[in-house]
Amino acid sequence: MKSRFIIWAAILLAIAVRGTLMRPVAGTQDRNATAPKALVARVGDTGFVGLQAESFRSLSRQQQALGYWLSQAAIAIDPIIYDQLSRFGLRQKRLLEEIVAHPAGIDPRTLAKITEFTELFWANRGNHNETTAQKFLPAFTFDELEQAASIAQHNGGMKTSYGDLPPITSPDKLQKEVEDLRAPLFDADFEPMITTKSPTGGKDILQASSNTFYEGVSLADLKDFHEEHPLNSRVVKGNDGKLREQVYRAGTPDGKIAPGLYATYLQRVNFYLRKARGFADPQQAKVINDLIQYYQTGDFNDWLKFDADWVQDNATVDFANGFIEVYLDARGAKGSSQSFVSITDKPVSDAMTKLAQNADYFEQRAPWDAKYKKQAFKPPLVKAVETLIETGDFGASTIGDNLPNENQIHEKYGTKNFLFTGSSRAFDQASGTTPLDEFASSPEEIARGKKYGIEAEDLMTAQHEVIGHGSGKLSDRLTQGAEPYLKEYFSTLEEARADLMALWNVWDPKLKELGLITNQDEVAKAMYDSAARVALMQLRRISKGDTIEEDHERNRQLIAFYIMDTTGSIERFERAGKTYIRVKDYAMMRKGVGTLLAELMRIKAEGDYGAIKALVDKYAVHFDPALRDQVVARYSKLNLPTYWAGINAELTVRFDKDGQMGPVEIGYPPDPVHQYLRYGAMYDRGLMDRGKDRR
């Protein structure tokens, strides 16, 4: 499960920047003197931050080669997410990239508008905002797009295939392609939302969502349908009314298992995984082989085997690659494609291990019923990391991740917890402190946030991932986990439960004993201030409508509004025409935290759908649009990006005439166009030269 980065008033997460919990990577200060600035580019409300991975330089040559091939596998899986989010996504991506890569003769004003839209398209993996799920429209006209596409084709664009997409070989075929994409690109009412958990107009949550996890399927159709491939299939309703799974798989070399959906991309992933396997140690080579097997067969049991071996492997160069998180499926079942490759920062990880080794202590002091507490506890594996690359549905906004998600693996083998120090540093450098000055309710709150806010948010994420997600025990009757029972509400519940574990335990003297906190009272208050204030601050990201669709944002409003309503310890008030949300009584707020945490654990353990639906629908979904408009206006004056995307490090290598690898070099792309044209060139060689020339 991911922790998403939201710049609250206290400037969220700067892991390894300051505080007792985390420290800078050795030598980072000197290396960063020559690294690029954090904010590399900005398009409207979206900022692109450069993700540095200077620890790559200290790896052995074998580890660097491993990182290179795993990064190639991450690029190889990247196109799938565009198709998962829209049936037109890959076609839109190809058209936009071909125009940007073949610009000679295109009107400069038109080209600038198309390039900016393309950068936003890459940042969101399509033309729906990744946070709000709402569609955004281009500034260029249909006629301008059509003319630019024609010029790009004349310049040599679209002459080669693009993954599964055939070349566009004539002006007539191009004209038809552009016309087919008119509504997907320009019509605000055509597929307006990727994922809709609060549908209107008589549609259910699947029918109202534009993603492609289901085709022609309603919730009612799925009532008695058993999926053999819960994460990695598209459920399709045929003309005969029967449901079938189109499995994501590459197929086996012997042909006994045929290729399935996304075979082109998964076969390429496996090609690079085999290359990586040759540079891995024996334990990690087994892990990589498990993943190759899973991509060939698509069998869920092969995925569980990979999970079990992966979670027990503590490699310095680590990775995730697969159909992992289920946030984008309104039903909370289908996995979106994603990947990252990481380098472990051992000193920071060792500090975090203190928390992991005491996970059982915090479990036994949790405020829920004893029958939901684990008695046999396997400490999670904790890794503070820099990322070499993040692709697919894994972006820079993720600052913590607890994997794998499968409950049967958690209980037997534990979890692996990633804290992404590079993302946190980049956001801290790019954001500044002005949101705190604008939205905190008093000079005391501002001063506390500036002095202890970063330490509080470090600790919040660490506890969320390390002692939050892995905590608690399910009822024996929930043999397949809580997800099938809690359905579309599971992710909101689980994110809230992990946040509440951090809020509950921040006052525990054990943290001081372990040396993980400085001034406990002030750090805890700063954490509580932020947890209250976020219900106001996060509204700036939802530009339309009056409902929250994203699970992390629902979780945060659920916590603040439930405690406000049931304890009165949080209050909303007006001053000089501005709205603020503040904590009135910290001790009473902690009581509310404990009450809600105990109830969410009971709901999860028993699979109580009715109870979580009632809580989320009452506290987590709806907001006042007038308040949102006020927040947006106040935030816009700060001249900071509202949304964020990342630009990864770039690994390059030369091969000699015999195909032997030379040294792997690391650099940083100058802009988003350079990065994404390189990625696209893996499947469309016509983009390759342009990708190189933008250095």
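This is a short tour of the structure, one selection at a time.

The model is predicted, so local features are described only at pLDDT of at least 70 and side-chain atom pairs only at pLDDT 80 or more, while totals for chains, interfaces and linings use all residues. Residues are numbered from 1 along each chain as its sequence is written, and side-chain values use heavy atoms, with hydrogens and water left out.

**The whole chain**

Show the whole chain as a cartoon. Its secondary structure comes to 27 helices and 16 strands; helices (H or I, at least four residues) and strands (E, at least two) are DSSP runs, numbered from the N terminus. The C-alpha atoms fill a box of roughly 70 × 60 × 60 Å along the principal axes. For 695 residues, a compact globule would have a radius of gyration near 26 Å, and the 24 Å of this chain agrees with that. The radius is taken over C-alpha atoms, and the globule rule is 2.2 Å times the number of residues to the power 0.38.

Of the 695 residues, 64% count as buried. Buried means under 20% relative accessible area, exposed over 50%, and partly exposed in between (1.4 Å probe, protein chains only). Contact means heavy atoms within 4.5 Å. Among contacts between residues at least 6 apart in sequence, 73% join residues at least 24 apart.

**The nonpolar cores**

Next select L70, L95, I99, L273, I288 and Y295. These residues have the most contacts inside the largest nonpolar core, which has 122 residues. Helix α2 (residues 61–77) gives the largest share of this core, ten residues. A second, separate core has 82 residues, including L478, Y489, A611 and V616. A nonpolar core is a set of buried Ala, Val, Leu, Ile, Met, Phe, Trp, Tyr and Cys residues joined through side-chain atoms within 4.5 Å.

Stay with L95. Leaving aside neighbours within four places in sequence, L95 is in contact with L145, A149, M158, L174, V178 and L181.

**E177**

Select E177, in helix α7 (residues 171–180). Is E177 buried or exposed? With a relative accessible area of 11%, E177 is buried. Beyond its neighbours within four places in sequence, E177 is in contact with R91, R94 and I168.

**S569**

Move to S569, in the loop between α22 (551–567) and β12 (570–575). S569 has 1% relative accessibility and therefore counts as buried. Not counting residues up to four places away in sequence, S569 touches I563, R582, V583, K584, D585, M588 and M589.

**Backbone details**

Most residues other than glycine have a negative phi, and most peptide bonds are trans.

- Select L403 and P404. A cis peptide bond joins them, with omega about -5 degrees. P404 is in the loop between β10 (398–403) and α14 (407–413).
- Select E191, in the loop between α8 (182–186) and β4 (214–215). Phi of E191 is positive, near 45 degrees. E191 counts as buried, at 17% relative accessibility.
- Select Y262, in the loop between β6 (243–247) and α9 (263–277). Y262 is not a glycine but has a positive phi of about 65 degrees. Y262 is buried, with a relative accessible area of 5%.
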